[in-house]
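Please read this note with the structure open beside you, and check each point against it as you go.

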Amino acid sequence: MSDRTMARQVLLFIWFLSLSSALGQVSYSIPEEMSKGSLVGNIAQDLGLDLKRLKSGKARIYTGDSAEYIELNKERGVLLIKERIDREALCGQTTPCALHLQIILENPIEFYSVTVEVTDINDHSPSFERDEIRFRISESAVTGAVFVLERAMDLDVGINGLQTYSLKPTDNFSLKLQSQADGSKLVEMVLQKPLDREKQEHLSLVLTAIDGGDPQLSGTAQIHVTVLDANDNAPVFTHKIYKASIKENALKGTVVTTVSASDVDEGSNGKIKFSIANTLDEVSKLFEINETNGVMRVTGNIDYEKARHYQIHVQASDDGGLTDSCKIDVDVIDINDNKPLINIMSKLTTLSENSNPETVVTVINVQDPDAGENGKIYCSINENIPFTLTTTNNNFFSLVTDGDLDRERESEYNISVTCSDEGVPSLSSSVTLSLQISDVNDNAPVFEKSSYEASVQENNTPGLSIFTVRARDADFNQNARVSYILEDSSVNGVPVSSLVSVSADSGVIHAVRSFDYEQIKDFQFRVKAQDGGSPPLSSNVSVKIIIQDQNDNAPQVLYPVQSAASVVAEIVPRSADVGYLVTKVVAVDVDSGQNAWLSYKLHKATDRALFEVGLQNGEIRTVRQVTDKDAVKQRLTVVVEDNGQPSRSATVNVNVAVADSFPEVLSEFTDFTHDKEYNDNLTFYLVLALAVVSFLFIVSIIAILSVKCYRWRRERMFYKSGANLPVIPYYPPLYADVGGTGTLQHVYNYEVCRTTDSRKSDLKYVRPCSESIISLDTSGTHTLTHAQREILNIEDSDKQKPPSGDWRFTQNQRPGPSGAAATPEVAVGTGPWPNPPTEAEQLQALMAAANEVSEATNTLAPGTMGLSTRYSPQFTLQHVPDYRQNVYIPGSTATLTSNQQQPQQALPPPQVAAAAQPEPPKAAQTPASKKKSTKKEKK
């Protein structure tokens with residue numbers, strides 16, 4: 001290679017490097033025949049890529065099926081010559097000649113198109129297929145006769161290709177060049193001067209073909225002309241140009257066309273032979289012509305992808321050496337004989353299910369060498385998948401995501417890519433791409449049920465497995481591992497964790513303790529299922545545990561009430577008919593269901609033929625007519641039994657009195673021995689209430705009559721009293737309400753000194769005191785002066801002892817209705833009763849009380865019984881102290897006490913006593929207390 005050629009290549013190379021890339025495409029231009037390792041271009045700089053990106057993206061060159069002439073140096077980011085490039089071998093006469101390749105990068109997938117144009121250098125000189133060309137020309141050939149010469153061939157193109165011809169010498173012939181439509185030139189030799197065989201039988205000419213390169217190259221051929229005897233007429237073709245078409249892949253022997261020519265000469269000068277004048281290309285290998293009849297046939301494989309058009313030059317010659325030529329233009333018709341070729345340039349085998357839309361999965365290149373509709377390609381993939389094909393460049397397709405991926409719905413995709421052309425019939429190719437979807441934690445555990453409900457019998461053993469909750473996670477591996485957690489909550493203030501527990505791995509719910517149906521019948525809590533993803537996802541479910549009842553409780557009798565302290569009896573009149581309802585046994589069972597179904601049976605009875613018990617309702621009725629022979633006292637034992645397995649029962653005793661009157665019942669049941677096994681019932685309390693009401697009514701009548709009689713006797717005593725009666729200093733007792741149930745709002749002590757003639761007395765001395773003992777001085781038989789009484793009072797106050805608690809009244813010791821009922825602290829009838837006073841003592845106490853009442857009568861309104869205003873207006877007769885208590889008998893050292901066992905206590909001050917205003921309810925009187933009170937009245 002000369003220095004001029006090298007300098008020209010360097011200039012071209014610098015110009016090629018000045019080309020810029022746009023929209024991911026880079027073009028380079030290099031001359032052919034560059035040595036191996038020569039620089040093509042800095043692809044990293046031109047594409048704006050970092051060298052690290054080339055390495056990490058595993059950059060590579062994709063060239064399809066063509067040979068790899070270019071290689072990529074990832075270390076330098078440049079394209080280098082890998083193999084020597086011969087433009088003529090690569091592209092032939094096609095211009096421009098270019099190499100198309102793609103740069104592929106991964107993670108993410110990217111590709112860039114690179115075009116390398118290979119320019120021609122003048123490395124081929126024009127040449128003729130034959131070094132010698134022979135003509136036989138009649139001497140009679142007229143001036144202007146044309147002889148077609150063989151064309152030269154130059155593999156170079158452009159300016160380096162064949163440019164012109166020259167013919168030497170030019171004595172008889174001149175050279176005529178005609179440009180063709182395809183850019184080639186038809187070379188003809190024209191007779192300028194008639195030939196004279198006699199002067200020169202043989203002529204030698206030199207035909208030179210010259211190209212336009214620098215330096216110019218040329219090739220020569222020798223033309224030998226033999227001058228023949230005269231042949232006046234040359235053959236003439238019917239048409240100068242013939243047009244024909246033929247389908248590619250036509251069978252050998254297929255007729256392309258037929259040419260015809262005529263020669264007016266006769267004999268051997270009129271006999272025409274046809275031949276193909278093309279000698280440079282493959283026409284002579286693909287076609288043949290019958291030299292006699294001019295029929296042209298196919299002899300080789302016609303391929304549209306190799307050549308789409310053929311120009312065939314046909315020459316007709318006679319035996320006289322005269323010729324004529326014509327041209328046949330053959331168009332090759334493409335047929336759809338090539339399937340699309342699918343090339344996978346890059347692909348992913350695994351894709352995360354949370355990948356963004358339009359993520360590139362695979363890049364493919366499809367080629368179809370057919371033309372027109374036969375070469376148009378469209379590709380498709382199978383339907384109902386979240387992927388789509390997009391066209392990124394000419395015949396390049398990208399498979400990208402077109403929707404949300406869900407590994408739980410589809411963990412693997414076999415994507416079939418089918419590419420078809422539009423030929424008739426259409427040809428197609430397909431390839432299957434396998435893509436695995438990797439899992440992410442995007443699914444929370446889901447329970448098999450929206451809520452759970454289970455039952456367990458009460459009295460279970462702790463640790464009992466109740467049932468199992470199950471949740472499933474559609475994710476994979478660690479993301480699908482489910483753990484169960486009991487959520488914090490409380491049931492009736494008790495943490496649910498103290499009732500049940502849940503296994504973290506299996507979801508088995510265990511009872512932590514034994515359940516009692518009577519305490520808790522059901523309870524709810526929530527169980528959370530959590531997977532092992534990061535971050536973990538969870539869901540919860542409501543669980544309801546129903547406690548099933550067991551027959552662990554015996555029936556409880558509500559009526560009649562059993563009491564060991566009293567006897568309750570049901571009264572049945574002797575006139576009761578058959579079916580008379582005596583009473584009804586009422587019982588309950590805290591169990592439920594059939595465990596609470598109760599049945600009633602008569603277990604024992606004084607007279608079983610008289611009563612019966614309803615099996616279902618517990619009603620006790622008479623079976624027959626009651627007669628006088630039937631005992632008054634009847635005892636029935638009723639068994640109440642539930643329907644559980646095993647059954648439990650309870651018994652109740654019912655006392656029945658067969659009588660027509662209440663006194664008869666009382667007389668019969670007064671000495672009734674209390675049996676511990678008999679319980680109080682409601683009938684007893686009803687009878688007791690009736691008795692108490694009756695008793696209170698009788699006591700009220702007696703109290704009214706007593707007050708009337710007392711007032712009458714007091715008035716009579718006032719008028720009959722004489723001057724012989726001594727002055728009785730009277731000290732009312734401190735009326736202390738021990739139980740806090742009295743009607744006085746304050747505690748008062750009164751000291752009254754009066755003369756016997758209360759109406760004429762001019763002395764009145766009253767003061768409160770705290771003494772609880774009254775002293776009667778028998779020596780005071782005359783009226784004391786005021787001074788003497790002062791001295792006496794001072795001496796008494798000096799000698800007075802502290803008050804004794806033995807003289808404080810309890811509710812049971814008070815006379816009248818207020819002391820009739822027993823308080824809860826003191827039993828009725830307990831404690832000694834003082835000895836009754838003598839008549840003298842009664843008279844002295846009565847006179848002292850009369851003086852007080854007389855004075856109070858003058859100041860009080862009617863209805864207050866003449867008491868002093870120092871008493872509360874609510875003070876009634878029942879508050880008058882019993883004269884039989886709290887007295888000293890004159891001349892005696894004996895002191896009457898009401899309760900010898902009670903310790904002495906100091907009385908509270910008036911302020912403390914005043915605070916005890918509320919009166920608690922009085923206890924009901926028992927038959928025993930009524931009996932004792934009746935005996936006291938008799939005494």
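1. The structure holds 19 salt bridges, a salt bridge being a side-chain nitrogen of Lys or Arg within 4 Å of a carboxyl oxygen of Asp or Glu. As background, side chains of opposite charge can pair when their charged atoms come close. Before going further, please keep in mind that this is a predicted model, in which local features need pLDDT of at least 70 and side-chain atom pairs count only at pLDDT 80 or more, while totals for chains, interfaces and linings use all residues. Residues are numbered from 1 along each chain as its sequence is written, and side-chain values use heavy atoms, with hydrogens and water left out.

2. One of the salt bridges is formed by the side chains of E150 and R130, with 3.2 Å from N to O. E150 lies in the loop between β9 (146–148) and β10 (162–168), and R130 in the loop between β7 (110–119) and β8 (132–138), so the pair ties together parts that are 20 residues apart in sequence. Strands here are DSSP runs (E, at least two residues), and helices are DSSP runs of H or I with at least four residues, both numbered from the N terminus. Are the two partners buried or exposed, or something in between? E150 counts as buried at 6% relative accessibility, whereas R130 is partly exposed, with a relative accessible area of 46%; buried means under 20% relative accessible area, exposed means over 50%, and partly exposed is in between, with a 1.4 Å probe and protein chains only.

3. A salt bridge also joins the side chains of D439 and R407, at 3.1 Å from N to O. This pair links distant parts of the chain, since D439 is in the loop between β31 (428–438) and β32 (446–447) while R407 is in the loop between β29 (396–401) and β30, 32 residues apart. R407 counts as buried, at 13% relative accessibility.

4. For E373 and K376, the salt bridge between the side chains spans 3.0 Å from N to O. E373 is partly exposed at a relative accessible area of 41%, and K376 likewise counts as partly exposed, at 42%.

5. How many disulfides does the model contain? The count comes to two, where a disulfide is a pair of cysteine sulfur atoms within 2.5 Å. With bonded cysteines counted along the chain, the pattern is 1-2, 3-4. C91 is joined to C97 with an S to S distance of 1.7 Å, and this link is right-handed, with 65 degrees about the S-S bond. C91 counts as buried at 18% relative accessibility, and so does C97 at 2%.

6. The other link I would ask you to trace is that of C379 and C419, whose sulfur atoms are 2.1 Å apart. C379 lies in strand β27 (residues 377–381) and C419 in strand β30 (residues 412–421), so the pair ties together parts that are 40 residues apart in sequence. This link is right-handed, with 105 degrees about the S-S bond, and both C379 and C419 are buried.

7. Turning to the strands, β22 (residues 309–318) and β23 pair in the antiparallel sense over nine bridges, two strands being counted as paired if DSSP finds at least two bridges between them. In β23, D324 is the bridge partner of A316. β22 and β23 form a hairpin with four residues between them, and G321 in the turn has a positive phi of about 90 degrees. β23 (residues 323–333) also pairs with β16 (residues 241–247), here in the parallel sense and over seven bridges, with K247 standing opposite I333.

8. Finally, an open sheet of three strands has the order β34-β40-β39, with antiparallel pairing. β34 (465–468) and β39 (500–502) stand at the edges with a single partner strand each, so one side of each is left without a neighbour in the sheet. β39 and β40 (residues 508–511) pair over three bridges, and in β40 the bridge partner of V500 is A511.
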